[in-house]
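Dear colleague,

Please find below the structure that I am handing over to you. My notes on it come after the display.

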Amino acid sequence: MPVRQQSFQIISSIQANLESCILGKSFEIQLLMTALLAGGHVLIEDVPGTGKTQMIKALAKSMRGDYRRIQCNPDILPSDITGVSIFHPRDERFYFRPGPVMTNILLADEINRATTKTQSALLEVMEERNVTVDGETHELPVPFMLCATQNPIDFEGTYMLPEAQLDRFMLKISLGYPDAETEKNLLLRHQEGQPVDRLQPVAHMDQIAGIQKEIRNVHISDAVTTYLLDIVRATRENSAVLLGASPRAALSFVMAVKALAFLHERDYVLPDDVKRLAPYVLAHRLLLRPEARMENSNAAGVVHAILRQVNVPVQLERG
C-alpha cells in the first residue's frame with residue numbers, strides 16, 4: 001500500500017515545526033517522530049540544558065491534543081501521576097480524580113529523580129495504556145505517548161531506572177551539545193523569546209492515530225524480519241551481555257523500522273532501516289556483565305559489534 005501523500009505532509013509539517021525550535025538535530029527529531037508514529041515511548045538522556053524538554057513541548061504544541069508535564073523529584077507519589085479516588089460526602093461515594101497521565105502526550109521530566117516506587121507507577125501506563133486506582137481501571141486517551149527525560153545516572157540525586165521500565169521505552173536517544181554555528185543561531189533566535197511559544201498546531205491527534213494504523217500495513221519481508229530477529233537474538237548470546245533484548249524489544253523493533261520506512265515515504269522496510277535504529281532500540285535494554293563494564297565496554301558498542309557480525313540480506317521480496 002503506497003504511503004498516502006496527505007499523511008506524509010502532516011508528518012513533514014510536524015518535523016518542520018520541531019526543527020524550527022531544536023536546531024541541528026534533524027536525526028534526533030526523526031527518531032522522536034519514529035516513536036510517535038510507531039505508538040512507542042521515548043527516553044531522552046542528556047545533561048541539563050540541551051533542549052530535551054523543549055523538543056517534547058514543541059512536539060505537543062504541534063498537535064491539537066492534551067499535553068501534561070510532570071516534574072519528577074523524590075517527593076512525588078504514584079497517585080500524583082495516576083490520579084486518586086476522593087470520597088464525596090453528599091453522594092456517599094468515591095469519585096476518580098484523574099492524574100496528569102490522562103493525556104495524549106505526557107512529559108516525565110527528569111524521571112530518574114523520582115523514587116523507584118513512583119517510577120513503577122508508570123509500568124502499567126506504558127504497557128497497558130490504562131491506570132488502575134482502587135481496583136477500577138481507567139483507559140488512557142488514544143493516542144498516548146510517554147516522553148521521559150533523564151540526567152546521566154552519575155548526576156547527584158538520580159536513581160537507576162529498573163530494567164522492566166527501560167524495556168518499555170521503544171527508543172532511547174541523546175541530543176548532545178550543538179556545534180558552534182548552531183549554538184550561535186540558537187542565541188540569536190532566543191533573543192526574541194522561546195521559539196516553541198510561537199509554534200502553531202499543524203496536526204490533530206485523530207490524524208496521528210490514523211497514521212499509526214497506516215504504519216501497521218508497511219511491508220517487512222521475511223528476509224528483513226529474519227535479519228532483525230538475528231540481531232535481537234545475538235544480544236542474548238554475546239559474551240559481554242548478561243541480559244539481552246527481550247521479545248518485547250523485538251516487537252518494538254519491528255514497529256519502529258516500519259515507522260522509519262514511512263518517514264522516508266516507503267511502504268516497505270529495508271535492512272538499512274534495521275541497522276540505523278538498532279542502537280537506539282536495543283542498547284538501553286542490554287545489561288552488561290561486570291567484567292565487560294570494567295573493560296570500559298558499553299551497550300551501544302556491543303550493538304555495533306553485532307551489526308558487523310550479522311549477515312545483511314541482499315535479496316528482498318516485496319509483498
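The notes below begin with the basis of the model and then go through its elements.

This is a predicted model, in which local features need pLDDT of at least 70 and side-chain atom pairs count only at pLDDT 80 or more, while totals for chains, interfaces and linings use all residues. Residues are numbered from 1 along each chain as its sequence is written, and side-chain values use heavy atoms, with hydrogens and water left out.

Helices (H or I, at least four residues) and strands (E, at least two) are DSSP runs, numbered from the N terminus. Two strands are paired if DSSP finds at least two bridges between them.

An open sheet is formed by 5 strands with parallel pairing, in the order β3-β6-β9-β1-β10. Because β3 (67-71) and β10 (171-173) stand at the edges with a single partner strand each, one side of each has no neighbour in the sheet. On average, neighbouring strands of this sheet are turned by 15 degrees against each other, direction ignored; axes are lines fitted to C-alpha atoms, for helices over the stretch in contact, and angles run from 0 to 180 degrees between N-to-C directions. Strand β1 (residues 42-45) is joined to β10 by 3 bridges, and isoleucine 44 has isoleucine 173 in β10 as its bridge partner.

Helix α3 lies across β1, β3, β6 (105-109), β9 (145-150) and β10, and runs at about 170 degrees to β6. In α3 (residues 52-61), 7 of the 10 residues are buried, that is, under 20% relative accessible area, where exposed is over 50% and partly exposed in between (1.4 Å probe, protein chains only). Among them are Met55, Ile56 and Leu59.

A separate pair is antiparallel: 6 bridges join β4 (residues 83-88) to β5 (residues 93-98). Histidine 88 stands opposite arginine 93 in β5. The hairpin has 4 residues between the strands, and glutamate 92 takes a positive phi near 55 degrees there.

UniProt, in an unreviewed entry, places the feature "domain: ChlI/MoxR AAA lid" at residues 233-298; such annotations may be inferred rather than shown by experiment. The span is 59% helix and 8% strand, and its end C-alpha atoms lie 18 Å apart.

Asparagine 298 caps the N-terminal end of helix α13, with a side-chain oxygen 3.3 Å from the backbone nitrogen of alanine 300. The buried residues of α13 (residues 299-309) include Val302, Val303 and Ile306.

Yours sincerely

How values were computed. A polar contact is a pair of N or O atoms within 3.5 Å; within protein, one must be able to donate a hydrogen and the other to accept it, and residues adjacent in sequence count only if both atoms are side-chain atoms. Contact means heavy atoms within 4.5 Å.
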